[in-house]
Amino acid sequence: MGYGGPEVLPQPEEHPKARLTHHTKSRLMKRTTRKQTLMATAILAAFSLPAGADMPNDHQASPIVIGHRGAAGYRPEHTLAGYALAIEMGADYIEPDLVMTKDGQLIARHEPMIGGTTDVATHPEFAGRKTTRSVDGVEVTDWFASDFTLAEIKSLRAKERLPTLRPGNTAYDGLYEVPTLDEVIALAKQKSEETGRTIGIYPELKHSTFHAGLFGNHVFENKLLKKLHQAYGNSECAPVFIQSFEVANLRYLNKKTDIKLVQLVDADDVNADGSLSLVAPYKQPYDFVVSGDPRSFADLLTEPGLEFVKSYADAIGPWKPYLVKTVDDGIDRNGDGRLTLNDRRVDGSTGVIERAHDKGLLVHTWTFRNDSSGYGFTDPVTEMAYYFELGVDGLFTDFADTGVAARAAVATAGLEERQCHDRKHRSR
Ligand SMILES: [Ca+2]
Ligand SMILES: [Ca+2]
């Protein structure tokens, strides 16, 4: 989602912005038959891998559970402790959002602004760094990571972004550093070894246009690729997805890497009739705004839109109301005496998942939370299970344990085995 907007505010329900696949023909995996799956499950159960055992990097559970910002429901977001907890809870991937420091280091923060997620405001030596910058066309006054060296960032400590919604997490305020991408990669590799599971990373390039304005064109993307290629090689089979809400940066990356690319698709809100509300800055990818491309986010999910996305990406990452239509018809479905997003009527798939799969695109959607969210659902396990049943290939959740439980509830026949064959697929 954009740089903040309502998402940075505590929301009792998932406000539109309180948030951020699979298919029979994927070039990423060979689908097994149900019978084969059952057999594989039985075999896996009989010979469970000891901790530290070699697990080929190209095998992963399907669909995947992505630890959104780590385990943001339980720990301050984007901390090594949060990522480690998500892994412990069974997340297949952890999600570092990335921004750049003044000295060009990649660090994990959801925004270039660091006032809401660190204790920078309590550091008198940095009081003068508070400033106003334009982020995707919106003036924001805050402390910006790009005005701090990594050493200065490391003198700060993380704090809970949503203390009202998640008061328990404030117990961890002041304990954790802001991690670098290097540290996140090292953690994922260490945990892969310890658990015998392949723990992937799902880095998001935040605000490429903003970073290009400060550091030069593609400096951000090139730095990320250099790190990823060093750590994982230039391979489609690397346990890595690179995501962005912008388009030009992904198209650039498509020419430089075989690592999987994900086009995120945002919106501003959901209308009562279930259609998406598209209002700036959530209307279009920001590079489209700058280049004058009239297409909206929603346009990327039409037939021609998906054909376009397929030319440079492996997956789409739409906000979940793009996938499941829910309608506000004024009925208190959960009987709690008030009308909320949870009460919306669930009308089923919008067809986006099916269209994307027909084109060989994976579908990963966001964000699922125990303590907010839930368009048409009150119980988060039921909600996530519903999306899994519809065929999403993965989902982002602040509560990885709930995501794993939902997947287990659906996939009682066992996890499907994904095999990556590292063959070329995207257009060049
Ligand atoms: Ca993200
Ligand atoms: Ca209700």
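Helices here are DSSP runs of H or I, at least four residues long, numbered from the N terminus. The model is predicted. Helix 2 spans residues 80-88 and is mostly covered. Seven of its nine residues are buried. These are Leu 80, Gly 82, Tyr 83, Ala 84, Leu 85, Ala 86 and Ile 87. They pack against two strands, strand 2 (64-67) and strand 3 (93-94). They also pack against helix 4 (181-195) and helix 12 (400-410). Just after helix 2 comes Gly 90, with a positive phi of about 110°.

In soluble globular proteins, nonpolar side chains tend to be buried together. In this model, the largest nonpolar core has 100 residues. Ala 86, Ala 91, Ile 94, Val 184 and Leu 395 have the most contacts inside this core. Helix 2 supplies the largest share of the core, six residues.

Neighbours within four places in sequence were left aside. Its contacts then include Val 65 and Ile 66. Leu 395 also touches His 364, Thr 365, Trp 366 and Phe 368. Met 384, Tyr 387 and Gly 403 complete the list for Leu 395.

Met 384 and Tyr 387 are among the buried residues of helix 11, residues 380-390. The buried residues of helix 11 pack against strand 15 (324-327), strand 17 (362-368) and strand 18 (394-397). Helix 12 is a further packing partner of helix 11. Just after helix 11, Gly 391 adopts a positive phi of about 110°.

Definitions and conventions. Residues numbered from 1 in each chain as written. Chains lettered and ligands numbered in written order. Predicted model: local features only at pLDDT ≥ 70, side-chain atom pairs only at ≥ 80, totals over all residues. Buried ≥ 20, exposed ≤ 12 C-beta atoms within 10 Å, placed from the backbone. Contact = placed C-beta atoms within 7 Å. Core = buried A, V, L, I, M, F, W, Y, C linked by C-beta atoms within 7 Å.
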